[in-house]
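Have a look at the structure first.

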Amino acid sequence: MPLFPTHAGFANPALFASPSSTAHDDPHAKSYDYIIAGGGTAGCVLASRLSEDPAVSVLLIEAGDADTKQLMSKIPAGWGNLFNSPAEWGYKTVPQEHAAGRKLYQPRGKMLGGCSAINAQIYQQCSPEDYDDWEKNGAKGWGWDNLKPYFDKAAGVYPIQGKVLEKSDIAAQGFLKTSFPIANPISQAFVKSGLGVSIPTIVDFNTARPESNYGASCFLTSASAGVRTTTSTAYLPPSTYQGRPNLSILTCTTVTRLLFSPTSPTQCIGVQVGQKQGVDTPRWVAFARRDVVVAMGAFASPQLLLASGIGARAELEKAGVEVLREVRGVGKGLKDHVWSLVTWEAQKGTSLQFLTSPVATLPSLAKWLFNGTGALATNVGEAAMFLRSDAIPDQKSFVAKGATNASGPTAPDLEIICAPLWYQSHGLKKPPTTGGNDFFTLGSIVLRPKSVGTVTLASSDMFDAPVIDPNYLSHELDRKVVLEGVKLIRRLAQTEPLKSFLVKSVAPVGLDDLDDEGLMKHVSESAETIYHPVSTCKIGMESAGGVVDSDLRVHGIKGLRVCDASVFPDIVAGHPQAAVIAVAERFADLLKSSMASQAWAPIPVKASSTPLRSRTFVV
């Protein structure tokens with residue numbers, strides 16, 4: 001084992017866990033104060049914060065490898081190249097009735113940093129009313145006033161491009177570095193065209209003032225000096241993963257089961273892990289003296305609970321899983337942002353379409369490698385508009401005034417986002433041959449969907465993908481909202497200065513001639529996720545479908561908590577990366593306070609005779 005590994009984590013379960021036959025009271029069993037199942041966006045934050053106390057031992061387990069091994073994760077514009085790769089899960093939904101019966105691709109990060117290592121790096125705190133709505137609906141302690149200090153604690157803003165923010169809007173210099181990348185001219189034209197349809201330009205979406213939730217702007221991104229910042233690189237730098245003997249990071253290893261006490265079946269005591277599928281493949285176990293924290297994301301977190309016997313009885317029995325504790329809400333509250341995309345052929349040389357060609361990208365790659373600048377320093381999803389679908393200026397809406405699903409009177413329910421290239425089907429579908437090679441895409445996003453989906457088991461095996469049914473656009477209001485966005489997109493394309501950049505619509509062809517029925521047909525054929533699934537283990541009363549309480553403890557189970565986007569009581573009206581980080585930051589403080597307030601003493605332990613990198617105890 002190298003003394004100072006180049007990348008975080010070791011892919012050897014035997015270093016940090018015991019053979020599967022080991023009992024929890026075996027004097028040689030490997031145990032920790034906290035085990036974090038999932039090294040994604042939230043898991044890396046938790047591992048860093050909890051291990052700040054040298055007296056607290058932490059084991060972080062990630063199914064993927066280190067994100068620092070992925071060049072295309074480091075490059076801000078490179079994330080599309082990670083699709084359908086070993087660095088992501090490659091999930092698909094069941095056929096979606098209101099998306100032309102298609103099975104839709106659901107990329108999720110499979111590496112340290114999780115989706116923060118594969119997303120478009122958009123850093124948006126979202127409307128304060130989103131969080132106050134959480135608290136109003138039973139998530140005590142998760143309102144805006146509770147979370148705002150953690151947004152400030154998490155990120156540091158490094159303004160460029162002439163952006164001048166008020167001091168009150170600039171966060172403390174937190175671990176996560178953010179900045180404003182230089183947007184492509186066609187994206188800047190999109191923002192300016194908002195003025196032509198009475199949509200104001202604003203400085204930044206990240207303020208607590210109501211006006212920051214309405215208008216057009218370029219995005220603040222989780223990148224700095226042309227390099228993506230993930231929660232792995234920000235919270236688990238070499239100084240942390242090399243310098244803390246109380247922190248162990250196990251990579252390339254799947255958590256296959258939660259373990260429970262043989263004498264107290266609703267006491268979670270650890271996890272079982274493995275690296276390959278199959279009943280005859282090796283398994284290992286590790287034990288937690290305080291808590292197991294599940295942080296595997298909105299698809300895998302409920303899957304692990306279900307596979308371990310926690311969920312709706314009928315569903316568990318159907319999958320052949322013994323019922324440990326019936327918690328009916330597990331996997332039942334899935335919400336996601338769905339969007340419909342419109343693409344135009346653009347004037348030659350005005351887009352980033354050339355980045356889809358490996359040969360044409362070489363000069364830009366050389367420039368990025370040299371100084372972190374150039375076309376590859378963009379996050380691609382460069383700018384957006386946030387609006388209310390019942391109050392789009394000069395547009396008669398099918399959404400009645402006051403009938404939106406927005407979280408409050410100043411919160412949005414509709415986003416129009418731009419990408420200066422072809423992005424139909426996540427960019428995986430080849431663009432049409434049009435005689436040109438430049439494209440521009442706008443997307444209409446339903447920010448506060450009323451459609452609710454599910455995550456269920458295909459089998460009891462965690463190596464099998466879960467059954468994902470987002471139920472996209474099943475609610476009539478969602479269809480109305482997305483349609484209003486597409487109608488606005490059509491108007492924007494006819495407005496200067498954007499109009500001068502565009503040649504003709506190619507998806508759909510003849511956009512300007514389509515009636516509402518034709519537009520909805522295109523919506524059904526183009527609808528996709530924009531990668532924000534949440535609420536499958538949501539905070540709330542068990543009787544109301546909640547899976548965890550306000551301290552993120554799973555109802556009816558001791559020693560088991562969940563912390564990731566799955567605990568969101570409802571979806572936020574924007575891009576949720578910042579919210580996941582803030583929730584993890586606050587939860588880490590809750591756990592620290594719990595240790596401090598309780599007269600807690602660890603179970604008597606013996607020192608392990610097994611040489612380990614981390615400071616590990618055994619029960």
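Predicted model: local features only at pLDDT ≥ 70, side-chain atom pairs only at ≥ 80, totals over all residues.

Asp589 belongs to helix H14 and Lys153 to helix H5, and 436 residues separate the two. Asp589 is partly exposed, at 22% relative accessibility, and Lys153 is partly exposed too, at 28%.

Lys153 also meets Glu585 in a salt bridge, again at 3.8 Å from N to O. This second pair joins helix H5 (residues 144-154) to helix H14 (residues 577-597) across 432 residues. Glu585 is buried, with a relative accessible area of 0%.

## A buried pair and a network

Where does Asp291 find its partner? Asp291 forms a salt bridge with Arg561, the closest N and O atoms lying 3.5 Å apart. Asp291 sits in strand E14 (residues 283-294) and Arg561 in strand E25 (residues 560-562), so this pair ties together parts 270 residues apart in sequence. Asp291 is buried at 7%, and Arg561 is buried at 8%.

Shared partners also link Arg49, Glu52, Lys153, Glu585, Asp589 and Lys592 into one network of salt bridges. The whole structure holds 25 salt bridges.

## The chain as a whole

Let's step back to the fold. The protein chain has 14 helices and 27 strands, and 62% of its 619 residues count as buried.

Conventions: Residues numbered from 1 in each chain as written. Heavy atoms only, no water. Helix = DSSP H or I, 4+ residues; strand = E, 2+ residues; numbered from the N terminus. Buried < 20%, exposed > 50% of the residue type's maximum accessible area, 1.4 Å probe, protein only. Salt bridge = Lys/Arg side-chain N within 4 Å of Asp/Glu carboxyl O.
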